[in-house]
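Load the model in your viewer and keep the sequence panel open beside it.

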Amino acid sequence: MSAAPATATGGPDAGGPVPVPGDPTPPDAPPDGAPPGQPAKEPVRLDPAGLDQAERRARASQSFWTAVVGVPAVFSVLRLGVEAGGELQTTLLLVANVGPVNLLAGFLTTAARLLSTALVAVFALGAVLGASVDRLPPGGRRRPLFARWAEITPAWFVAASFLLALVTWPLLYLPLLVPAAAAAFQFTPERLHERPVPRVLIIAALLGGYLWLLLPTLRDAWGQGEPLPVLLLVVPPLLALGIAGPLPGAVIRPLASVTQAAVLAMLVWAALPVISTPVLPLTVTTVGSGSGATEDVRGHVVTTDDVNMVILQEQGGVRYVPVDQVRAQVLCPTEEELPRHRLRIHDFHVEDSLLEGLGRRVRPVHRIDAACR
């Protein structure tokens, strides 16, 4: 008998699918050109601008840290130019005698509030906008700038920004940190307790303790006819109950544009007094002559050597006073340091920060010298 002819599908590799002529992909090859035996790579997700998530994070991180590092340097240079009255030679004199450490210390003490305010606003708005992006219509889900910044910022940096605001903001504005923190960390009342009744009791206890703490200050503010401190102390904790996202999809894009422009305008408005704040302390120097007559020179001492004391006068110009003619010198506060409210929160003035209030307890404010008036 003759053997049966071999079929087209016989042989040692029989049983697999037969390649179809003209098909360029082998039957056992995985998709996307991956090697046999390895899973296919997931496709890179691109945003509407054609950037993948890693590149988007890198660009957002670069822009954020550039702003954090570059803004203080620009402000410091502008402050020297403004304090010099725009004169080149006076600016060079200040640059030569004001060291970078003193300049940085002066900037931090005067601009820490501005810097912390900007960071708190960015993180609070960015977290709310980031929680609402999923409600945008398809094709328009590009994340707002503040949302991208909040997304790439480490949690410790956000917490440090709020801590900086806590110790540098005046006590009158500290309640604004409550809704800002609720927005930045997306803290809702539901996280206090899962059941409604205990949740309401916890909220009532927290608000009651807060009002009891501020009751004497609220009574004094109401008696003095100052409604603004009352609003600043009472309204922000109530806003914290419903400020966390997400927001309706129709308002996300307009709100993102408006808030980002508002924060930029606020920074410009708040930066003007920071730039014009003196780098050097304000003093009144009593200068005497051989005839016995004296003169009070009001200004900022730039430097002192064996021959002259260089004073940047408050009314403009640089004056060189021989050191043997200096009779006395007193330190004076500026007009911005004088209090505007007569309100206190448990022995802390409402216009002082926590650092300033603790400092006044260690070393109380001295009486203003008559030469400063």
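Which residue just after α6 takes a positive phi? That would be Gln186, with a phi of about 50 degrees. Gln186 has this positive phi although it is not a glycine. Its place is in the loop between α6 and α7, and at 22% relative accessibility Gln186 counts as partly exposed. One caveat before going on: this is a predicted model, and everything below should be read that way.

Now zoom out. The chain has ten helices and seven strands, and buried residues make up 32% of its 373 residues. If you take the contacts between residues at least 6 apart in sequence, 61% of them join residues at least 24 apart.

α6 is mostly covered, with six of its eight residues buried. The buried ones are Leu177, Pro179, Ala180, Ala182, Ala183 and Ala184.

One partner of α6 is α5. The axes of α5 (residues 155-168) and α6 (residues 177-184) come within 12 Å and cross at roughly 180 degrees. Angles over 145 degrees count as roughly antiparallel, and the two helices are therefore roughly antiparallel to each other. On the α5 side, the residues in the contact are Phe162, Ala165 and Leu166, and they meet Leu177, Ala180, Ala181 and Ala184 of α6. Sorted by class, that contact has seven nonpolar residues, with no polar and no charged ones.

Click on Phe162 and look around it. Leaving aside neighbours within four places in sequence, Phe162 is in contact with Val120, Leu177, Ala180, Ala181, Ala184 and Phe185. Phe162 is also one of the residues with the most contacts inside the largest nonpolar core, along with Val120, Phe123 and Leu177. In soluble globular proteins, nonpolar side chains tend to be buried together. Here, the largest core has 37 residues. Two or more residues each come from α3 (100-132), α4 (145-152), α5, α6, α7 (196-223), α8 (227-239) and α9 (249-276). The largest share, eight residues, comes from α3. There is also a second, separate core of ten residues, which includes Val98, Leu103, Leu280 and Val310.

So much for the nonpolar side; what about charges? A search of the whole structure finds four salt bridges. In one of them, the side chains of Glu356 and Arg113 meet, at 3.2 Å from N to O. Glu356 lies in α10 (residues 354-362) and Arg113 in α3, so this pair ties together parts that are 243 residues apart in sequence. Glu356 is partly exposed, with a relative accessible area of 31%, and Arg113 counts as partly exposed at 30%.

Another salt bridge joins Arg319 and Glu295, where the closest N and O atoms are 3.0 Å apart. This pair links distant parts of the chain, with Arg319 in strand β4 (residues 318-322) and Glu295 in strand β2 (residues 294-304), 24 residues apart. Arg319 is partly exposed at 25% relative accessible area, and Glu295 counts as partly exposed at 37%.

Asp352 and Arg360 form a salt bridge as well, with the closest N and O atoms 2.8 Å apart.

Ala84 is found in the loop between α1 (53-83) and α2 (88-97), and at 5% relative accessibility Ala84 counts as buried. Leaving aside neighbours within four places in sequence, Ala84 is in contact with Thr90, Thr91 and Leu94.

Asp347 has a positive phi of about 70 degrees although it is not a glycine. Asp347 is found in the loop between β6 (344-345) and β7 (348-349), and at 59% relative accessibility it counts as exposed.

Technical notes:
Residues numbered from 1 in each chain as written. Predicted model: local features only at pLDDT ≥ 70, side-chain atom pairs only at ≥ 80, totals over all residues. Heavy atoms only, no water. Axes fitted to C-alpha atoms, helices over the stretch in contact; angles between N-to-C directions. Helix = DSSP H or I, 4+ residues; strand = E, 2+ residues; numbered from the N terminus. Parallel < 35°, antiparallel > 145°, perpendicular 65-115°, else oblique. Contact = heavy atoms within 4.5 Å. Nonpolar A, V, L, I, M, F, W, Y, C, P; charged D, E, K, R; others polar. Core = buried A, V, L, I, M, F, W, Y, C linked by side-chain atoms within 4.5 Å. Buried < 20%, exposed > 50% of the residue type's maximum accessible area, 1.4 Å probe, protein only.
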